[in-house]
Amino acid sequence: MSRSTITKPVTIDSMGSMELKKHSAGATQLSAGATPPLKLAMPTLMSASNIHKSYRKGELEVPVLKGVNLEIAAGSFTAIVGQSGSGKSTLLHLLATLDAPDQGAVHFQDRRIDNLSPRQRETIRNRQFGLIFQFYHLLPELSMLENVLVPKMVQDGFFSYLRNKRAYKKRAVELLEMVGLGHRMAHRPNELSGGEMQRTAIARALISNPSVILADEPTGNLDEENGGEVMETLDNLREQENLTVIMVTHDVGLAKSADKTIRLVGGVVVSD
Amino acid sequence: MYKLLLSWRYLRTRFIALASIISVTLGVATLIVVNSVMSGFVFEMKSRLHGILSDVEVAAPLLGQIHNPEYHTRIIRDVLGDDIESMTCVVRNPALLTFDVNGRQWTQQVMLLGIDDESFGSVTDFHPYLQNTHKREQFSFSLEEQGYPQWVSAGCPDWTTDSAWDYRRRKFSKIREAETRRLEQEKLYDLAAAEYLEQQAAKSRAWDAAQAAGDTQAPRNGEAVNANYNSNVQSPDTRQPIAASQATFIGPEQPVPRAPEKHMSASGFQHVPLPDQAPDFAAIHAQETAGVEAADSSATLRFAPTHHFNDGKTTREFRKFDPVDPYAKYSPEPAVEDFFDPEKDQYTGIILGLAIAKRKTIGEDGELKDFYMVRPGDDVQIMFPTVGGSAKPISENCTLVDFYSSNMHEYDSSFAFVPLKELQKIRGMVDPLTGDASVSTIQIKLKEGADLDAARDKLMAQFPPESYPYDIHTWQDTQRPLLSAVHMELTILNLLLFMIIAVAGFGILATFFMIVVEKTKDIGVLKALGAPSSGVMSIFLGYGMALGLVGTGAGVVLGLLFVRYINEIAEVVQVVTGQEVFDPEIYYFSEIPTIVSPTMVLLVGLGAILIAVMASVLPALRAARLHPVEALRYE
Ligand SMILES: Nc1ncnc2c1ncn2[C@@H]1O[C@H](COP(=O)(O)OP(=O)(O)O)[C@@H](O)[C@H]1O
Ligand SMILES: [Mg+2]
């Protein structure tokens, strides 16, 4: 919790130039409004305690998580790193209530969420969490704008959606413009590059003003340039919208820019 | 919202599913077409079956009778009350029908119905089936002067006149003419024979005288006698007209009149009383030798123009002074009305089913042609038993006054109609003391929409079989086997066609499973974004419904269009394949009959949509059950 974001030294690595840019942007943002001490005082937004998860493969039970504990401060940027197959995605899914742990509890805003009813979990996912996936997972039948609007469609009933459509659309356009895709709103996902798709997915994750962004290797499927763009977008937005971000990555460079890095080895957190 | 949007987008982008829905479309269209055509046919068939059967019938057993029909109709009126539209009494009994076809006798069994002129037509659809256009409007059992324009215009080779009377007059005048000639010829033979005998007698007298006088050289048989005989009998000028008249009588270029012998026996010649004295041959001879040529030309003069026969006087004169009727002058002159003149009079009218008379023959050009064995204007004989314990057969002459054709072969080939009163009289159904006539059947027409079976049951309760030997049935009871067969056919056909849609349903099922598998990741995303399982499920249900709606809608439109233009389509198919799809000769309809029932279309449509939805239920359930993590992980 002590290692908060803004005063982090610039590191020159593979993404050095971008880090620089990003941080300068973050700095201007800060000088314009928010104050660091507030952020530092942010309480724990999410926590996981003693989480166990194992998968069954026929007779064989494969334990993936063996007692994971973690705390996420509001407004922080947490990176979850670890080897491929170490259970990063599994942990993220458990935090996002997409799956239930075998043991242990997940708390969100001081409320246990892992054992809520499906309906309640769906509502939390829809309103509080913004999910970003490695393979973007946009709906191919919908345009970019519609894809961004999907969480709103899911949230609202038919008529309330129609009633609020104008406001939602405005917000969606705003977000798409923020991620630099204001000119491609009518396009279908298959007409865009991976980076553009992932930026659309970010806009989608942000449409319902979530408290937490849960991203599973958002750059994992992108080349350097596109990945950089995506990270830049994410960072900018994080600053602007005062977001808490939990990001799974195997990119050590990316993890270094995080406030906190959680390393998973053998089903437990080894470093904090 | 997303459900609708996604259903709609899937509909627009998944053409494979549209292809699977084509089978629904075709199934729906076929169902509509088949049902429409079948109900058209069934309707036509039912109205035909119903045709000359009344709604409900109270029938005495075969050859039995219902005494005091007035009493019965009163009771029936009491029992059925306002349900009754009209009632009629009928005498029905089997009979043998005999007529001549080109001199050969044709006999067949018919069901003879004595019907009441007025009320029968109000109980059954009898009148519209009559062939004579005039009788359709104004029914009677008399022979009509006109009313067969359809036969004339159809170029029926045997039927060159619109009038049945005209035909009858021509026919009998020809018969009379021929008979006249035959008699003439007979007379000539008789005369010659008489003369010969006379000469022989004279010769024998002369010979006797000569013998007595002792002249033995006198010839016994003179040459002159033979010469005389030959000149009288075989001279070409007397033989030739007979041959000519016979030629016209049976010549191929002339329509062949039927049964000269029989009609002679049925004609007025029979009624001429036999002379009680032997004819005076000498006097006849004197008259004949002068009259032969005259009779020839005058007979033609009298018979040829038709209008002469509309004038009673001409006929009377002819009858009175008939130069060739050898018996005329010996009989006391009877009142003209007493004679039955087939050219002027008819027997009791009879109406036969068309199929009794109509046959197909192959003409010279190899084409099928209609041939009428008997036709309006001809006389026929019917033979049937009287009523009562000691039934005796009666034979009765009737004049065929018209045909009826309901196009139900069963009826058209077996029913014959005569006037009720005549039949009652002839069959001995009239009580000689009271004058009350019994009947054999009371036919009842019920009001539109009345329950036939209920009416029948009420009547059965009123006339229980223990006390009344009556058979009470509805027309549907009569035709039950056929109706139930048709019904069964329709049911099975519908079942089979619905199977087609069900098969289409399995197609949809398979396609949907594929789509769900294909959309697994999207389902995972939706769930991750907070969509409930029910929402995911309704996407696919909605999609199935949308497909069902589209397929069914297209099917309904296609089917209705097909039904609307079915005759045109049949024509096109006929032109293309050269094979007649719909032969009006076979079905008796000029067009393929169709009835589109909105209920049927609605049911078929709903059924198809339901099948499409049901086929999407399983895949939708599967989609709903997908675990979001597994779905997202799916590659
Ligand atoms: N549904 C599953 N069934 C069986 N094993 C699974 C399942 N999901 C993940 N695993 C296993 O759990 C381990 C962790 O997976 P994951 O969390 O995806 O790893 P990471 O994201 O760190 O690469 C892997 O060894 C993987 O094979
Ligand atoms: Mg992973």
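This is a predicted model: local features need pLDDT of at least 70, side-chain atom pairs count only at pLDDT 80 or more; totals for chains, interfaces and linings use all residues.

Q: Which class does B:E186 fall into, then?
A: B:E186 has a relative accessible area of 37%, so it is partly exposed. Its salt-bridge partner is B:R182, with N and O 2.6 Å apart, and B:R182 is partly exposed as well, at 38%.

Q: Where do B:E186 and B:R182 lie?
A: They both belong to helix α7 of chain B, where they sit 4 residues apart, which is about one turn of the helix.

Q: And why do side chains pair like that at all?
A: Side chains of opposite charge can pair when their charged atoms come close.

Q: What about B:E177 and B:R181, are they buried or exposed?
A: Both B:E177 and B:R181 are buried. They also form a salt bridge, in which the closest N and O atoms are 3.6 Å apart, and because they are 4 residues apart in helix α7 (residues 164–213) of chain B, about one helical turn separates them.

Q: Which residues are linked with B:D457 in a network of salt bridges?
A: The network joins B:D457 to B:D453, B:R456, B:D477 and B:R480. Within it, the side chains of B:D457 and B:R456 meet at 3.2 Å, N to O; B:D457 counts as partly exposed at 41% relative accessibility, whereas B:R456, at 15%, counts as buried.

Q: How many salt bridges are there over all chains?
A: The structure holds 27 salt bridges over all chains, and the count between chain A and chain B is 2. One of those that join the chains links B:R9 with A:E146, whose closest N and O atoms are 2.6 Å apart.

Q: New topic: how many residues does each chain bring to the contact?
A: Chain A brings 29 residues and chain B brings 27 residues. In chain A, the residues that lose the most area to chain B are A:H137, A:E141 and A:V154, which together make up 24% of what that side buries. Between them the two chains bury about 2,400 Å², with 66% of it on carbon and sulfur atoms.

Q: How many residue pairs are in polar contact across the interface?
A: There are 7 residue pairs in polar contact across the interface of chain A and chain B. As for helices on chain A's side, the largest share of the residues touching chain B, 5 residues, comes from α5(A), and by class that side has 16 nonpolar, 5 polar and 8 charged residues.

Q: Is α5(A) mostly covered or open?
A: It is mostly covered, since 11 of the 12 residues of α5(A) are buried by the under 20% cut-off. Among them are A:E146, A:V150 and A:V154, and what covers the buried residues includes α4, α6 and α7 (194–206) of chain A together with α1 (2–13) and α19 (520–528) of chain B.

Q: What is B:L526 in contact with, leaving aside its neighbours within four places in sequence?
A: B:L526 is in contact with A:L139, A:V150 and A:V154 in chain A, and with B:Y2, B:L6, B:A531 and B:I539 in chain B. B:L526 is also one of the residues that touch the most other members in the largest nonpolar core, which has 128 residues.

Definitions and conventions. Residues are numbered from 1 along each chain as its sequence is written. Chains are lettered from A and ligands numbered from 1 in the order in which they are written. Side-chain values use heavy atoms; hydrogens and water are left out. Contact means heavy atoms within 4.5 Å. Buried area is the accessible area (1.4 Å probe) that two parts lose on being put together, summed over both. A salt bridge is a side-chain nitrogen of Lys or Arg within 4 Å of a carboxyl oxygen of Asp or Glu. A polar contact is a pair of N or O atoms within 3.5 Å; within protein, one must be able to donate a hydrogen and the other to accept it, and residues adjacent in sequence count only if both atoms are side-chain atoms. Helices (H or I, at least four residues) and strands (E, at least two) are DSSP runs, numbered from the N terminus. Ala, Val, Leu, Ile, Met, Phe, Trp, Tyr, Cys and Pro count as nonpolar, Asp, Glu, Lys and Arg as charged, and the others, Gly among them, as polar. A nonpolar core is a set of buried Ala, Val, Leu, Ile, Met, Phe, Trp, Tyr and Cys residues joined through side-chain atoms within 4.5 Å. Buried means under 20% relative accessible area, exposed over 50%, partly exposed in between (1.4 Å probe, protein chains only).
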